[in-house]
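Please read it beside the sequence and the coordinates.

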Amino acid sequence: MSEQRLGVLGGMGPQATQVFYQFVLDRTDAARDQDHLPAVILSDTGIPDRTAAILSGSTEELYQRLLGDAKLLEQCGCTVLAIPCNTSHYFADRLQGDIGVPILHMIRETAAALAAQGKQRPAILGTDGTIRTGLYQKECAALGLEAVAPGPDAQKLVMSIIYDEIKQGETGSREKFARIDRSIRKTGCDCAILACTELSVFSTYHTLPSFYLDAMAVLAQRAVEACGYPLRTV
């Protein structure tokens with residue numbers, strides 16, 4: 001069995017970190033405890049809000065906190081790191097330059113997965129920080145995809161589900177999500193990315209069609225593969 005060890009830089013927020021690890025467990029072809037990949041989960045709930053920090057331009061404190069956590073995971077013997085938070089990938093390339101183990105880049109992996117499916121115009125459902133920094137737009141454009149941000153009204157609904165509902169421990173409004181769905185489909189999008197961990201949590205409560213690709217689920221599968229463990233196929 002591979003001696004790879006997964007490090008999960010989580011805590012953003014704790015419920016989403018738990019969901020991510022469950023995604024990893026669900027995607028590992030394991031018949032007993034010893035068949036699962038070793039993992040160290042650092043749930044640093046003291047990390048400042050990523051969207052607020054990025055939009056304010058005051059990011060250095062946040063970056064240093066992320067870097068400290070990444071180095072701690074490295075010191076714990078982790079051989080590959082996963083960061084379930086989409087918005088935190090604003091710092092991913094800088095982090096990669098400051099540590100010695102590979103970081104699985106969730107946004108690039110998700111863009112690659114869509115390109116492999118032949119998609120052309122994904123909608124991005126994420127925080128204002130993820131949208132305004134152009135994280136998905138850049139990675140999708142590099143593969144010939146046109147990533148589309150929701151209109152202002154739809155984006156307000158996305159933020160409301162994330163901050164007013166899921167982060168407050170609620171299951172999230174299906175009615176709000178249906179309005180978002182209608183809005184993005186009218187723009188001609190052929191798919192949509194769940195580009196926020198709280199929306200990944202939402203999807204565990206509400207069954208969504210294959211039109212939606214969960215970036216955190218993509219990351220979980222890549223984590224299993226990167227650590228050399230077999231994927232569960234059913």
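1. The largest cavity is lined by 14 residues, and those nearest its centre are Arg50, Cys85, Thr87, Thr127 and Glu198. A cavity here is a set of points, on a 1 Å grid over the protein atoms alone, where a 1.4 Å probe fits but cannot get out, and lining residues have an atom within 4 Å of a point. This is a predicted model, in which local features need pLDDT of at least 70 and side-chain atom pairs count only at pLDDT 80 or more, while totals for chains, interfaces and linings use all residues. Residues are numbered from 1 along each chain as its sequence is written, and side-chain values use heavy atoms, with hydrogens and water left out.

2. The space in this largest cavity comes to about 100 Å³, a volume being the space filled by probe spheres set on the grid points, which are joined across faces, edges and corners. The structure holds two cavities of 30 Å³ or more. At least two lining residues of the largest cavity come from each of α2 (50-56), α8 (152-165) and α10, where helices are DSSP runs of H or I with at least four residues and strands are runs of E with at least two, numbered from the N terminus. By class, this lining divides into five nonpolar, five polar and four charged residues; Ala, Val, Leu, Ile, Met, Phe, Trp, Tyr, Cys and Pro count as nonpolar, Asp, Glu, Lys and Arg as charged, and the others, Gly among them, as polar.

3. Helix α10 (residues 197-205) also belongs to a right-handed β-α-β unit, together with β6 and β7. Right-handed means that, with the strands pointing away from the viewer, the path from the first strand over the helix to the second runs clockwise.

4. The strands β5, β6 and β7 form, in that order, an open sheet of three strands with parallel pairing. Because β5 and β7 stand at the edges with a single partner strand each, one side of each is left without a neighbour in the sheet. The twist averages 25° from one strand to the next, with axes taken as lines fitted to C-alpha atoms and angles running from 0 to 180 degrees between N-to-C directions.

5. Strand β5 (residues 122-125) is joined to β6 by four bridges, two strands being paired if DSSP finds at least two bridges between them. Ala123 has Ala192 of β6 as its bridge partner. On the β7 side, three bridges link β6 to strand β7 (residues 212-214); Ile193 is partnered by Leu213, and Leu194 stands opposite Asp214.

6. How are the two faces of β6 (residues 191-194) covered? Cys191 and Ile193 on one side, and Ala192 and Leu194 on the other, are all buried, that is, under 20% relative accessible area with a 1.4 Å probe and protein chains only. In a regular strand the side chains alternate between the two faces of the sheet.

7. The largest share of its lining, four residues, comes from α11, and the lining as a whole has nine nonpolar, four polar and five charged residues.

Definitions and conventions. Buried < 20%, exposed > 50% of the residue type's maximum accessible area, 1.4 Å probe, protein only. 1 Å grid on protein atoms, 1.4 Å probe; cavity = no way out; pocket = protein on both sides within 12 Å on 5 of 7 lines; lining within 4 Å.
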